[in-house]
Amino acid sequence: MTLATLKKIAENFRDAGLRLDVTPRIFMTGGDPILSPYFWELTEFIYSMGIRISLMGNPFHITDAVASRMHSLGILDYQMSLDGLEEMHDSFRKKGSFNATLATADILKRNGIGVGIMSTVSRTNAKDIPGLTRMLVNRGVASCTFARYCPNSKTENDLLFSPSEYRSFLNDMWQVYDELYERGTRFPLKDHLWNLYLMEKGLFKPEPTNGIIVGGCGMAVSHLTVLADGRVYACRRFTSPIGKVPEQQFDELFMSDSLNEYRIRENFEKCNECELFTYCRGCPAVSHCATGSWKSADPQCWK
């Protein structure tokens, strides 16, 4: 895709935001987005339109000069992955990756960019996540959270938690968050099943929403994903094509029948009868990766 095409897509994204009366935000990811030959010029162009920018990338090419330039272009935050403590994380990535991530977090912080750490959690690394969270809070990261692992094939389903195991993991993490919440690090409750857990603890009471989606999965509600070739997915975590840009407009795609399929309550085979439907809907990506259908029950929901 050419730089001119990328700029055209960004302009259309801005215009769609204005027409839909929302403040647009672009998350650039990869791989490593700063390795694109278009990165700096495209970022400057997006910044000039007043669109907020966040990055999700790797730690290996961030220097003070790079971080300072990012800050000057309004980049709000930079998200990196840590999937456990040093031995565990490096076994997933490569040797030295854990320490490189921590060093890059320090560079970003001193240049005014918020550091977000995301962990992908499964049975394999769950035991590391409470200790990792404590360590990250001690290092002053802006936010840390986790998302569930999506298996690449049914042969990897043994890495998925059982429902009771996952609830136990959430309970462990809630105790960590409760211990550390006054330390300045945010703990976004990214997983939609937090709503069920907190309802059971009496900390969340769902109110009627007249069918309006107010929380949980943002698919077909608050985000779209654009691939490198312009294909647009409803969710970046599983194959969910709804169209292509710049051939189609973002607001056209957002109001399309293709995307509306992901909004129809009856399409959610288990969630559609749940009182938490407008607050949760589980994770269709995990469902799709585990069973082949995003409509199937979230395999880790214990309700």
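A salt bridge is a side-chain nitrogen of Lys or Arg within 4 Å of a carboxyl oxygen of Asp or Glu. Keep that in mind, please. Here is one: the side chains of Asp-83 and Arg-93 meet in a salt bridge, 2.5 Å from N to O.

Before going on, some ground rules. This is a predicted model, where local features need pLDDT of at least 70 and side-chain atom pairs count only at pLDDT 80 or more, while totals for chains, interfaces and linings use all residues. Residues are numbered from 1 along each chain as its sequence is written, and side-chain values use heavy atoms, with hydrogens and water left out.

Back to the pair. Asp-83 sits in the loop between β3 (75-81) and α4 (86-92). Arg-93 sits in the loop between α4 and α5 (97-110). The two are 10 residues apart. Helices (H or I, at least four residues) and strands (E, at least two) are DSSP runs, numbered from the N terminus.

Is Asp-83 buried or exposed? Buried means under 20% relative accessible area, exposed means over 50%, and partly exposed is in between, with a 1.4 Å probe and protein chains only. Asp-83 counts as buried because its relative accessibility is 4%. Arg-93 has a relative accessible area of 42%, so Arg-93 is partly exposed.

Why do such pairs form at all? Side chains of opposite charge can pair when their charged atoms come close.

How many salt bridges does the structure hold? The count is 15. Take Arg-69 and Glu-44, whose side chains meet at 3.3 Å, N to O. Arg-69 is in helix α3 (residues 64-72), and Glu-44 is in helix α2 (residues 39-48). They are 25 residues apart, and the pair links distant parts of the chain. Arg-69 is partly exposed, because its relative accessibility is 37%. Glu-44 is partly exposed too, at 35%.

Next, Arg-148 and Asp-298. Their closest N and O atoms are 2.8 Å apart. Arg-148 lies in strand β5 (residues 143-148), and Asp-298 in the segment after α11 (284-291), so this pair ties together parts 150 residues apart in sequence. Both Arg-148 and Asp-298 are buried. Which residues join them in a network? Asp-191 does: salt bridges that share partners connect Arg-148, Asp-191 and Asp-298.

Now the inside. A nonpolar core is a set of buried Ala, Val, Leu, Ile, Met, Phe, Trp, Tyr and Cys residues joined through side-chain atoms within 4.5 Å. The largest one here has 58 residues. Leu-55, Ile-62, Met-70, Phe-146, Phe-169 and Leu-170 touch the most other members. Helix α7 (residues 163-180) gives the largest share of this core, seven residues. Look at Leu-170 on the screen. Leaving out residues up to four places away in sequence, Leu-170 touches Phe-146, Leu-193, Trp-194, Tyr-197 and Trp-302. Contact means heavy atoms within 4.5 Å. There is also a second, separate core of 25 residues, and its members include Ala-16, Cys-217, Ala-234 and Trp-294.

Ser-97 belongs to helix α5. Ser-97 is buried, because its relative accessible area is 4%. Beyond neighbours within four places in sequence, Ser-97 is in contact with Phe-60, His-89 and Asp-90.

Ser-256 lies in the loop between α9 (250-254) and α10 (257-260). With 15% relative accessibility, Ser-256 also counts as buried. How far is Ser-256 from Ala-4, C-alpha to C-alpha? The answer is 26 Å, and the two are 252 residues apart along the chain.

Last topic: the backbone. Most residues other than glycine have a negative phi, and most peptide bonds are trans. Now some cases to find in the model. The peptide bond from Gly-30 to Gly-31 is cis, with omega near -5°. Gly-31 is in the loop between β1 and α2. Val-245 and Pro-246 are also joined by a cis peptide bond, with omega about 5°. Pro-246 is in the loop between β8 (241-244) and α9.

Ala-220 is not a glycine, yet its phi is positive, about 70°. Ala-220 lies in the loop between α8 (194-200) and β6 (225-226). Ala-220 is buried, because its relative accessible area is 2%. Arg-281 has a positive phi as well, near 70°. Arg-281 lies in the loop between α10 and α11. At 6% relative accessibility, Arg-281 counts as buried.

That is the tour. Thank you.
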